[in-house]
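Biologist: Could you show me how to read salt bridges and cores in a model like this one?

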Amino acid sequence: MAEAEAPSPAIYIPDEWSEAAAAIAHGSVAPPPPTALVCGAKNCGKTTFSRHLLNVLLRRYKRVAYLDTDVGQPEFTPPGFLSLTIVDKPTPDLTIPCLKTPERCFFFGDISAKRDPAAYLKCIYALYDYFCKGHRSLNSKEDTAVVGLPLVVNTPGWVKGVGYDVLVKTLRYVSPNHVVKINISAESKNLPPGHFWLDEDYDETVHLIEIKSARQDSFNRSVLTQKDAHLLRDMRITAYFRQCFPNSSNITKIKELAHALASHPPYEVPISSIKIKHLHCQVL
């Protein structure tokens, strides 16, 4: 049993959220372990719920896989990456960003999938295939405690237009047995009701859980947390590159990081070993 999640002073986890996480973690004792995909409008609480769900799953499982498809606000990596991370310890405080070394990741090179949705989906498919091969293989000779990992899939808040199409394709490819849809009071910003990604004859084994955003105002309306996306991205980039320096280094801002990197001894490779690839267009 993993240690219980410590309360986060600035995070409110409503009973509805706790019940949803418990239903996913303890809903079935038969294999395979749960695959849960979390979706909803921008800043509705997807990442917070995903981290809470991770902690709840770690009370039952030794390790949990986390597939992060939000290239703009990733959970464990710098911006611009899609990643699969294996988590073995709970996150004590849900308000503190934490970097982890992913088991596998792809550099997408943008903070949104808008420029190249096809390449974005290709990365998601490859990460999920890698997860299935390494941690869900029925022919594996490893112990079931190792290969039978639950999976949490976090998604971006782009749920309209092309973003909606990308989400539907992701859902159909991953085929989760639990889908958590977080709704806000502004109905026009929510995803369609019901199993919107499936045909009329949908699989009844798919458990759709609809919950409300945790933040409410005095009129019981959902309050979207307005995040400074640029600041959060700068914080993650700074935290990532600070690993190049001693812990005593006082680097807290991008400018300080730039100066520190400029004075750091470079890693030298032969020019013949360098290959340049533009990720989202052809160079003529």
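**Salt bridges and cores**

Modeller: Gladly! Glu-75 and Arg-51 form a salt bridge, with their closest N and O atoms 2.5 Å apart. This pair links distant parts of the chain, since Glu-75 sits in the loop between S2 and S3 and Arg-51 in helix H2 (residues 46-57), 24 residues apart. This is a predicted model, where local features need pLDDT of at least 70 and side-chain atom pairs pLDDT 80 or more, while totals for chains, interfaces and linings use all residues. Residues are numbered from 1 along each chain as its sequence is written, and side-chain values use heavy atoms, leaving out hydrogens and water.

Biologist: What counts as a salt bridge, and how many does the structure hold?

Modeller: A side-chain nitrogen of Lys or Arg must lie within 4 Å of a carboxyl oxygen of Asp or Glu. The structure holds 3. Among them is Glu-210 with Lys-181, at 3.6 Å from N to O.

Biologist: Is Glu-75 buried or exposed?

Modeller: Buried means under 20% relative accessible area, exposed over 50%, and partly exposed in between (1.4 Å probe, protein chains only). Glu-75 is buried because its relative accessible area is 2%. Arg-51, at 4%, is also buried.

Biologist: Which residues have the most contacts inside the largest nonpolar core?

Modeller: A nonpolar core is a set of buried Ala, Val, Leu, Ile, Met, Phe, Trp, Tyr and Cys residues joined through side-chain atoms within 4.5 Å. The largest has 32 residues, and Leu-82, Tyr-120, Leu-151, Leu-167 and Trp-197 have the most contacts inside it. Helix H3 (117-135) is one of the elements giving two or more residues to this core; H3 gives the most, with 7 residues.

Methods
Helix = DSSP H or I, 4+ residues; strand = E, 2+ residues; numbered from the N terminus.
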